[in-house]
Amino acid sequence: MIRVLSLNLQHGLPGAGAGDGSASTGSLAGADISDPATARAVMRATAEQIAELAPDIIALQEVDLGQARSGRLHQAAFLAEELGMPTCRFSASYAGPVVGLRRRPLRTALSSPTDDVLGLLRAAVGAGPIGYGNALLSRFPVSGWHVKRLGRGASSVEKRGEPAWDPRSYHVSTASQRVMVAATLEVPEGAGGPIRQLSVASTHLATRESMAARQLAAAWGALAGLPGPHLLVGDYNLSAEQVDVLGLGRTVGEGLTFPAADPKRRIDHVLTDLWPTGPDGLPLTDEAVAGGGSPLLRAVEWGTTSFIISDHVGTWVDLEPVG
């Protein structure tokens, strides 16, 4: 059995779960994570909560790297070290500070000054890389990393004042760049039954439904070409019904994930391969499915978990091969 967790970090900002009144988290409600020591304390407490779930694979979204607002932490690497997970990759949707000169990274890992067009200038003054994006962590070793840039939607114009003829009465919001980071994992014998390789990805899609649907199709198309079975995990900004109608794969797991204070929607998902169907259009039996191609996955248990950070709750799924 393989346990997969999806969690939108919201850059480690303490959320509804930090005010649950418990001795371990109550003191972190409203914590100023721009202070490096506080940022580490919040991330360490988050790692402790994640460890209680004991996931094999973690897909993270809204992850900061070197941002002032989150104590200059490399959040993905920090969590991986705390959790003892040897496989970790951050992938930036943009380089640069949250407030300031954002830019398209030359290479999304931002692990070298040459990955960012301004990286060498930053390195010359002793500053490290800055970025924001998604990350993938696992206790399984990786045989290959893959990144798919998903683009961004159209900008929007919001009217904020009068008179209508004055350009200052309008605010232009540019959509964020989106990216998918994927890994082909080598599953140790016994951990996944007959599964020896598993391709899994973390992504965060646009807030506009039409653009999110196009990005989802592009992400799944890129992932489906890797060794299977496949898992596309993350914050889709789409409901399960909106995902299912696209016919790309099967959503597995249940539970509302947003907003964390009073969840009303499930927009964080785990998508895996479709069942093959027979001439009647119905899914084939387990025996028939298991008899051809890469093993397919089915969910055997699932749930949601509130963390001390984020405006999302985490969603997890236990998966096993068919047959």
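Trainee: Which of the 34 residues in the largest nonpolar core touch the most other members?

Mentor: Leu60 and Leu137 do. This is a predicted model: local features need pLDDT of at least 70, side-chain atom pairs count only at pLDDT 80 or more, and totals for chains, interfaces and linings use all residues. Residues are numbered from 1 along each chain as its sequence is written, and side-chain values use heavy atoms, without hydrogens and water.

A nonpolar core here is a set of buried Ala, Val, Leu, Ile, Met, Phe, Trp, Tyr and Cys residues joined through side-chain atoms within 4.5 Å; buried means under 20% relative accessible area, with a 1.4 Å probe and protein chains only. At least two core residues come from each of strand E1 (2–8), helix H1 (36–53), strand E2 (57–65), helix H2 (75–83), strand E3 (87–95) and strand E4 (131–138). Helices (H or I, at least four residues) and strands (E, at least two) are DSSP runs, numbered from the N terminus. H1 gives the largest share, 7 residues.

Leaving out residues up to four places away in sequence, Leu137 touches Leu60, Leu79, Leu83 and Met85, among others. Contact means heavy atoms within 4.5 Å. A second, separate core has 21 residues, including Leu185 and Leu231.

Now the two helices. The axes of H1 and H2 come within 9 Å and cross at roughly 50°. Axes are lines fitted to C-alpha atoms, for helices over the stretch in contact, and angles run from 0 to 180 degrees between N-to-C directions. On the H1 side, Met43, Ala47 and Ile50 are among the residues at the contact; on the H2 side, Phe78, Leu79 and Leu83 are among them.

Next, the sheet. Six strands form an open sheet in the order E3-E4-E2-E1-E14-E13, with mixed pairing. Two strands pair if DSSP finds at least two bridges between them. E3 and strand E13 (297–305) are the edge strands, each pairing on one side only. Neighbouring strands are turned by 20° against each other on average, direction ignored. E13 runs antiparallel to strand E14 (residues 314–321), joined by 8 bridges. There, glycine 303 has tryptophan 316 in E14 as its bridge partner.

Both helices pack on this sheet. H1 touches E1, E2, E13 and E14, and its direction makes about 150° with that of E1. H2 touches E2, E3 and E4, and its direction makes about 140° with that of E2.

Definitions and conventions: Buried means under 20% relative accessible area, exposed over 50%, partly exposed in between (1.4 Å probe, protein chains only).
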